[in-house]
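This report describes the fold and the charged side chains of the structure shown below.

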Amino acid sequence: MDAQRALLDELMGAARNLTDEEKKGYREIKWDDKEVCAPYMIRFCPHDLFVNTRSDLGPCPRVHDQKLKESFENSPRHDSYVPRFEAELAQFCEKLVADLDRKVRRGRERLDQEVEPPPPPPISAEKAEQLSVLEEKIKNLLEQVESLGEAGKVDEAEALMRKVESLNLEKAALTQQPQNAATMLTQEKKMALCEICGSFLVANDAVERTQSHITGKQHIGYGMVRDYLAEYKEAKEKAREEERLAREKEAEERRKQREKENESKNRRSISSERDRHRDRDYGRDRERSREWNNRGNRDEGRGMDRRRQYDRNGRDGGRNTYHGRERERSRSRSPVRHGHRR
């Protein structure tokens, strides 16, 4: 019936039986609506795992539709919705496992509190005296058996050994304590606890019964829940580890980039400092060269002045000498001076 209804829904639509008035307010359900079961879309719905078991969760209040699931799987938004649906299913499974673990703890405490068989009561004084007499007889007989064996009297030794065995049986009967019904039941059926689904089992039960439990719906359902939760946590841990490694790699790349920038900055600083020193040395050399040129020009000027002075002095000296000679000649030719001589 459900298969036929699904086929009709696929061919004619889910609103095929609605009246025109009802169709006005009808809205077709899509896979991303809140009414649709997200865990069913992504993997499984826990409500479907425990039907007709002691852990039955009842029917799921949201929509389960294979057609919507196929639409979700073929949707271009599938990958973007997967993490959200997985987280919702993991939250549901985590709650189920937490409740189950509490049940398992209570069951384990119950098994631990089972009444242990009481210790045997102390032997009465009468039985203790009988045991002492029997032990003394057994000891004497064993000594006699040893002596007969050394003398080679094998038949007599074997007869005494049969008496020793009989006395040992009497001793065992005296020491044996009667068991009550609870002790016998405890030894006959010891309970165990399934750590997967929390069910009580009979320890060392028949293979068929154990196999029937393992293949049961409740055991398989809780196994699926636990497996999915472990898988989800492992994937999240792996994603966190990859994210941490990516952050460390990015930080390492930033550190190397900073070192490279600092190294480039240092090289530029060194180059700039070298240029400043070179410019300063060049300026100093130019200044020194200018000073040497100025000094040379001053020395050259002084030399020219000295040569000019020398030349001037030479000309003046020659002129003075010439004039002096002229004056001497004129003086010698002067009539006054000639008359004075006379």
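Among contacts (heavy atoms within 4.5 Å) between residues at least 6 apart in sequence, 65% join residues at least 24 apart. The model is predicted: local features need pLDDT of at least 70, side-chain atom pairs count only at pLDDT 80 or more, and totals for chains, interfaces and linings use all residues. Residues are numbered from 1 along each chain as its sequence is written, and side-chain values use heavy atoms, leaving out hydrogens and water.

The protein has 11 helices and 2 strands, taken as DSSP runs (helices H or I, at least four residues; strands E, at least two) numbered from the N terminus. Their order is α-α-α-α-α-α-α-α-β-β-α-α-α. Of the 342 residues, 18% are buried; buried means under 20% relative accessible area, exposed over 50%, and partly exposed in between (1.4 Å probe, protein chains only).

There are 15 salt bridges, each defined by a side-chain nitrogen of Lys or Arg within 4 Å of a carboxyl oxygen of Asp or Glu.

| Pair | Closest N and O atoms |
|---|---|
| Arg226 and Asp101 | 3.0 Å |
| Arg244 and Glu248 | 2.4 Å |

Arg226 forms its salt bridge with Asp101. Arg226 lies in helix H10 (residues 217-333) and Asp101 in helix H5, so the pair ties together parts that are 125 residues apart in sequence. Asp101 is partly exposed, at 27% relative accessibility. Arg244 and Glu248, by contrast, are 4 residues apart in helix H10, about one helical turn. Arg255 and Glu259 also lie 4 residues apart in helix H10.
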